[in-house]
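I opened the notebook on charged side-chain pairs. I wanted to know which ones meet, and how buried they are.

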Amino acid sequence: MMAFFVSLIMLFISISPSVAQANDAKPHLSKGVPIVGVLKDAQNQPVSRATVTLYKASKMFARTTSQPNGSFTIPSPAELDGQLILDFSRRHFQMQKLTLGQDVLDQLRTGCVVELPEIILKRQVTAGFWVATLIFVLVLVLIATGWLHNTLASLFGMSLIFAVTYIGSLIHPTLYILNFAEALNYLDWNVIFLIMGMMMVIAIVENTGIFQWLAFAAYKISAGRLWLLLPILVIITSVGSAILDNVTTMLLMTPITVRIALTLRINPLAFLIPAVMASNVAGVSTLVGTPTNILIGSFADISFNDFLINQTPGVLIAILCLVIYTEIIYRKDLKKSGKTSPALVEKLAETAKITQPGNLKKAGWVGLGMLILFVFGEHIHLVPSVTALMGATALLVWIRPDIEEMIEAVDWTTLVFFIALFIVVGSIQEVGLISLIADFVAGLVGDNLILAMVVIIWMSALLSTVIANIPFTAAMLPVIAYLTATIPGADTKVLYFCLSVGAAMGGNGSLIGASANMVTAGISERAGYPITYLYFLKKGMPALFITVGISTLWLLFRFLVLN
Amino acid sequence: MSSIVCAVRGGPESENTIKTALSLAREKGLPLHFLYVVNLDFLSNVTGGHVQTVSKEMRELGKFILEMAVTQAEEVGVQAISHIRQGKVHLQLINLCQELRTGYVVLGKTRQRGEGLRQPRRFVRTYGETIKAETGAEVVVASEGDEA
């Protein structure tokens, strides 16, 4: 199974994205001065892979393809004795013709390169549009309901897209969505390799016992004062979630936290609920804290420092308020403390040890190096994925663990999930659904930056309680790109930070809102303390409003007052 | 020699099950075997890369819960032995019962969502009948107590 996933990933990597190359037709007349231009859509986004054909006196003279930035260059004929018409065609767009006027011809005759004004191509809603939209919704439903594993759901969606494109378009050409070569353009390898690198680092760290030791240290420091133990556990969870990822942090913290609570004879939920909520909040403060931040950072070129500077203060205030809120809702549990059994405390101490101190030290040094590179690497254009890969490799070479165990520790199903998801989201971008959504949101907020910030934060937060936040974030990124380009003052990338807050902190609104919630509930249930959907909703929704509210105020202050 | 098997998972809803098992053990004078089953099904739809680490942590949690149950048994003078297994609860319970050739199995009416089921009386009865058929053991259902 592992070999299959590795092969699948290597196959995707080895096939270089076949960005359409300029494909000049052989001119039947000698070439003259080039004509250059840029193609954009109604959302001011470049249109790539459009076929640009120059006709002279109704005969095709030259043909080229627009580049990823929408630009094209096409040679004009040396003999300008006939009408010149440019034809622009691209799947999912309406065909457009542009007759070159006399002024253009005059300019060509002088030997000057002609730069055309921006050409806006209009979208065309095809049968493929509806099919791609339905497939995307189906994938979201499959993930939300859990009928299929996340990875299987996205692979299923991806396969359907290709099936409709390759087979459906034979039946009717308008069913065409996205072919394999075009799909590869939507893969963000920076995200894949960053996640892969961090997974390898996490696999080393999680076996050292550091989280268990820290949790037990928290228990000793608090010395029976439960009101103090809660915030210490929240701090440990928050730091872990910001540096590693919140699912791993909760997987490691939950069992030891349950054991501590059982030793103290209190309801473990009094610690678990604050911890998991804090994990959803704290992950927002760094580039690598949540998968959604990784997606956002890579798409919008937002660095590790940018997240730290712009998000951390708001996150810290939100966590402080979260601690106060949870101290209040669990005040009765935190006042109780039955007699602790010395035997249980001894058992707890036995298991809460650092089992691999040597590896932990090495991981610490490598982690420090990675942090330095994350912080200063942008000055040398070092992308985060390279830092993560170098760090993972350095750790593996230094520690020399069983490489097969390490490979197994990488969550390949998640990586395949991302690959398939990029293609599914790419398909709805290709057919123009994202453009429609962008238009709708733009219509809603107009030029009002404050309104845009509030709408994006709260819409993302509330939708994240029911829709999986990773596909939601991936789909929203082009929408945010459009709004960033069109709303005055949004060029600070504030709207991306708004999406980051909403998509992650929205996970506190419901049990299914975040994977960290689900794993915590799974472990807690297996210790006899189930967390029902309703229970989490009652505790989590107020926490969502508190933390998202504070983060909204912080971002407004940071970008509108301080900026 | 016959024995009593009781599957526990901790929490307030296990308390009644443990009490029933202890009461039965004292009445029959039989050794009591507590079973905790590590079940990682909850990981399947979330992540695939942490199974070994989580399995280890869940085993430690299971041992802890069993330690609490054994301590409780010792306090009332009942000899108790703990077992930790991994897999599906109902299958592991049957396996242990067959290995020990146990005479009694104590079941609780817990609200289990871990294996996708809330255990209403009908299910417990059906499950109890399966255990009896597979192992020959007498099934004792814990009485309902206060819920947490």
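This is a predicted model: local features need pLDDT of at least 70, side-chain atom pairs count only at pLDDT 80 or more; totals for chains, interfaces and linings use all residues.

Entry: total. I looked up the salt bridges over all chains and found 13.

Entry: chain B, helix α2. I looked up Glu60(B) and Lys63(B). Their side chains meet in a salt bridge, 3.8 Å from N to O. Both sit in helix α2 (residues 51-75) of chain B, and because they are three residues apart, about one helical turn separates them. Is Lys63(B) buried or partly exposed? Lys63(B) has 35% relative accessibility, so it counts as partly exposed. Glu60(B) has 18%, so it counts as buried.

Entry: chain A. I turned to Glu430(A) and Arg49(A). Their side chains form a salt bridge at 3.3 Å, N to O. The pair links distant parts of the chain, 381 residues apart. Glu430(A) lies in helix α18 (residues 412-431), and Arg49(A) in the loop between β1 (31-41) and β2 (51-56). I checked burial next. Glu430(A) is at 2% relative accessibility and therefore counts as buried. Arg49(A), at 13%, counts as buried too.

Entry: chain B again. I looked up Lys132(B) and Glu138(B), whose side chains meet in a salt bridge at 3.7 Å, N to O. Lys132(B) counts as partly exposed at 42% relative accessibility. Glu138(B) counts as partly exposed at 38%.

Entry: network. I then followed shared partners in chain A. Salt bridges join Arg49(A), Arg90(A), Glu182(A) and Glu430(A) into one network.

Methods: Residues are numbered from 1 along each chain as its sequence is written. Chains are lettered from A and ligands numbered from 1 in the order in which they are written. Side-chain values use heavy atoms; hydrogens and water are left out. A salt bridge is a side-chain nitrogen of Lys or Arg within 4 Å of a carboxyl oxygen of Asp or Glu. Helices (H or I, at least four residues) and strands (E, at least two) are DSSP runs, numbered from the N terminus. Buried means under 20% relative accessible area, exposed over 50%, partly exposed in between (1.4 Å probe, protein chains only).
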